[in-house]
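I set out to record, entry by entry, what I looked up in this structure. The notes follow the order in which I worked.

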Amino acid sequence: MSILTFKKGVHPPHRKHLTEHKPIEYLLPKQILVYPMIQHIGAPCEPIVKKGDRVLLGQKIGEAKGFVSAPIHSSVSGTVKDVAPVLHPNGSKILSVIVENDGLYEKAEGMEKREDYKNLSKDELIKIIQEAGIVGMGGAGFPTHVKLSPPPDKKIDSIIVNAAECEPFLTSDHRVLLEETQRVVDGLKIVLHMFPEAKGYIGIEDNKMDAVEAVKKVVKDEKNIEVKVLKTKYPQGAEKQLIYAITKREVPSGKLPADVGCIVQNVETMVAIERAVLRGRPLMRRIVTVTGGAITEPKNLNVRLGMSFRELIEACGGFKKEPAKIIAGGPMMGIAVFSIDIPVVKGTSAILCLTEEEAAIPEESNCIRCGKCVEACPMNLLPAALNSFALRNDLEQFEKLHGMDCIECGSCSFVCPAKRHLVQSFRTAKRTVIANRKKS
Amino acid sequence: MAEMKFTVSSSPHIRSNDTVKGIMRDVVIALLPAAAAGVYFFKIQALLVMIASVASCVLSEYVWQKLTKQKVTIGDYSAAVTGLLLAFNLPPTVPLWIPVVGGIFAIIIVKQFFGGLGQNFMNPALAARAFLLASWPVQMTSWAVDGVSSATPLGILKEGGTALPSLFDVFIGHVGGCIGETSALALIIGGLYLLYKRVISWRIPVTYIGTVFVLMGILGRHGFMSGNPVYEVFAGGLMLGAIFMATDYSTSPITPLGQIIMGIGCGLLTSIIRIYGGYPEGVSYSIIIMNLFVPIIDKYTAPKVFGEVK
């Protein structure tokens, strides 16, 4: 069996043992659920309910504005308590629908089973996926129906399920692969039905061989689906790196996976598609790994969107040590949050609670030009040089050295012995370049 | 749960265990076999030169950073590494004020004037050696083995002499030369340690030594194909230069291709100086000259970016 990978990258400690063998636990919401109108890349949703309205489970409460957007649904039945700005995991206050759960879980209309998706056309399936509010659930949150609608001149020959889960600590995809194997495969089969000329690949890192075996068992009679074992290396799950590992194609700078005939979807996105198409369910739940040295009992939780981080942390026995840092997502690319009174959104793959020791921010010192960042960068950039240009605000040189190709994976900052904040400086420089482009 | 405050910072939220101090400590460890060989062959005098040189470098850095109100960084071992390397490039018989002056020059003028660690464009120890050699040529070129003054193997080759030490003596370091350069064996052991710890890559040492091997063999000291390349690579300062000096992070290219160009360039210059130059040995000057090309090498050898469209 050949193990596939990309060039360069780093090997952060896995730290997955905390939760990788823990079956997913269901956690029912308490009283209050918060649904921010931004849970995706694209135009914010517009609330279509108002204070005092009764909403049902699965009812649409936020309408997508434009094609690159995704509607938002209530994950409980109850009463709209308010429509107001609430703190979001991204750190700002976002207009949100706040629902008081009545505990009845009374379903909205239209959530019925459907067996015969094969009679549906591609456009009908895209409509179902769009109406279900499905977005990329690996964290970025790009609307799935947009990804599934490449320009007609792009011939798609590979549908790749991103099951690399290369971020340390995270195990939600791993557990889904083990416990909802058939659903993941069914989701992929639905997508393959939309792209009959494409082949399906499920890429899994070799630190999850039990998941590889489980998926292989389910797809053994599927001629069109292949499990690809990937080397455990960060950032194996970065879209361009994953495509390269599986197809040996490089997505050209500034282009999209569709330009090399690929569409990449996360594991949980596949389950969401399966739920939407076969069971009429809009996106209302996700699996969240609650972990880190500060958590009493780390777990993989199946939760409804809109529940608060606090509820999830309490369901894991709260903190055993004082947490110094709470991260929405993994430790390499996740976002540090300053409150746990924030809702789980579509992209919340994990709540990582680090102790002071785990979260220590070492002091930055001079670059010694050791070149470890050059050896690490999966995009083959020169992070040390980019850093000096970014810090001097020499954006022309920054762009000339391909700074805009940085995927912000953080491998450079991770390996840097001088503990320089490399990727942080690139993020700032990239934002400035993009803002300047918009201005001119 | 009471009100808690959390740190908010940019990702990544975890860092590797590598540190500058750890890397420099590995370099010191890798230099120890050669230091031990130096003391074994050149006795207590070699040890005193090393102590004077390291003390001078560390103190110079401390005093300079105090005077200029900067953060004192002697704890990162980089000044100690410079001190050891400077001592390795001095004859064992030098008066002790020589390493002291050299250390001050290396640290203050070559390293700190240009911004400290990682910012200097020339190898501090080699620049100091060049300064000392130009200023006090007599003291800097007196060699002795076992208390008896003796020319270096490359010196004998240059003069066309015949009383050459055996290859075995050259390999273990029982010959005239600078304190840390004579024992190829000890230097190779240190080099393997650095490769194992991934402090350096093979690129500069292998291409540097390989180029000297090939060129000294082909060009030869007495015409085409007259060379003894095995003897040439173990004699003189090549091992010390190729493993420890040309690989200095600050003054060598950061790109993989650039490192190969650096190694080949150093090898080319060293061979030319050895065969056609006025000096018997050319390692120091070769490296210093190549140091000056590093920015331009880096500029033109940037690797092809993933997905780059020309």
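**Entry 1: Cys409(A).** I looked up the contacts of Cys409(A), leaving out residues up to four places away in sequence, and found that Cys409(A) touches Pro235(A), Ala238(A), Met332(A), Met333(A) and Pro378(A). I then located Cys409(A) in the loop between helix H11 (395–400) and helix H12 (411–415) of chain A. Helices (H or I, at least four residues) and strands (E, at least two) are DSSP runs, numbered from the N terminus. Is Cys409(A) buried or exposed? Cys409(A) counts as buried because 26 C-beta neighbours lie inside 10 Å. The rule I used calls a residue buried if 20 or more other C-beta atoms lie within 10 Å of its own, exposed if 12 or fewer, and partly exposed in between, with C-beta atoms placed from the backbone.

**Entry 2: source of the model.** I noted that this is a predicted model, in which local features need pLDDT of at least 70 and side-chain atom pairs count only at pLDDT 80 or more, while totals for chains, interfaces and linings use all residues. Residues are numbered from 1 along each chain as its sequence is written, and chains are lettered from A and ligands numbered from 1 in the order in which they are written.

**Entry 3: the annotated cysteines.** In an unreviewed UniProt entry I found the feature "binding site" at Cys377(A), Cys406(A), Cys409(A) and Cys412(A). These four span 36 residues in sequence, yet no two of their C-alpha atoms are more than 10.6 Å apart, so they gather at one spot. UniProt positions are given here in the numbering used in these notes, feature names are shortened, and annotations may be inferred rather than shown by experiment. I placed Cys377(A) in the loop between helix H9 (372–376) and helix H10 (383–391) of chain A. Cys377(A) counts as buried, since it has 29 C-beta neighbours inside 10 Å. Neighbours within four places in sequence aside, Cys377(A) is in contact with Lys8(A), Pro383(A), Ser411(A) and Cys412(A).

**Entry 4: domains of chain A.** I recorded that chain A is divided into domain 1 (112–279) and domain 2 (372–439), with bounds from an automatic or database domain assignment. Taken over C-alpha atoms, the centres of domain 1 and domain 2 of chain A are 30 Å apart. To their contact, domain 1 of chain A gives six residues and domain 2 of chain A gives five residues.

Entry 5: I turned to chain B, where the unreviewed UniProt entry gives "modified residue: FMN phosphoryl threonine" at Thr152(B). Thr152(B) sits in the loop between strand E2 (148–149) and helix H6 (153–159) of chain B. Thr152(B) is buried, with 25 other C-beta atoms within 10 Å. Not counting residues up to four places away in sequence, Thr152(B) touches Trp143(B), Val175(B), Gly176(B), Gly177(B), Gly236(B) and Pro280(B).

**Entry 6: chain B as a whole.** I found 13 helices and two strands in chain B. Of its 310 residues, 51% count as buried. Along its principal axes, the C-alpha trace of chain B spans about 85 × 50 × 30 Å.

Notes:
Contact = placed C-beta atoms within 7 Å.
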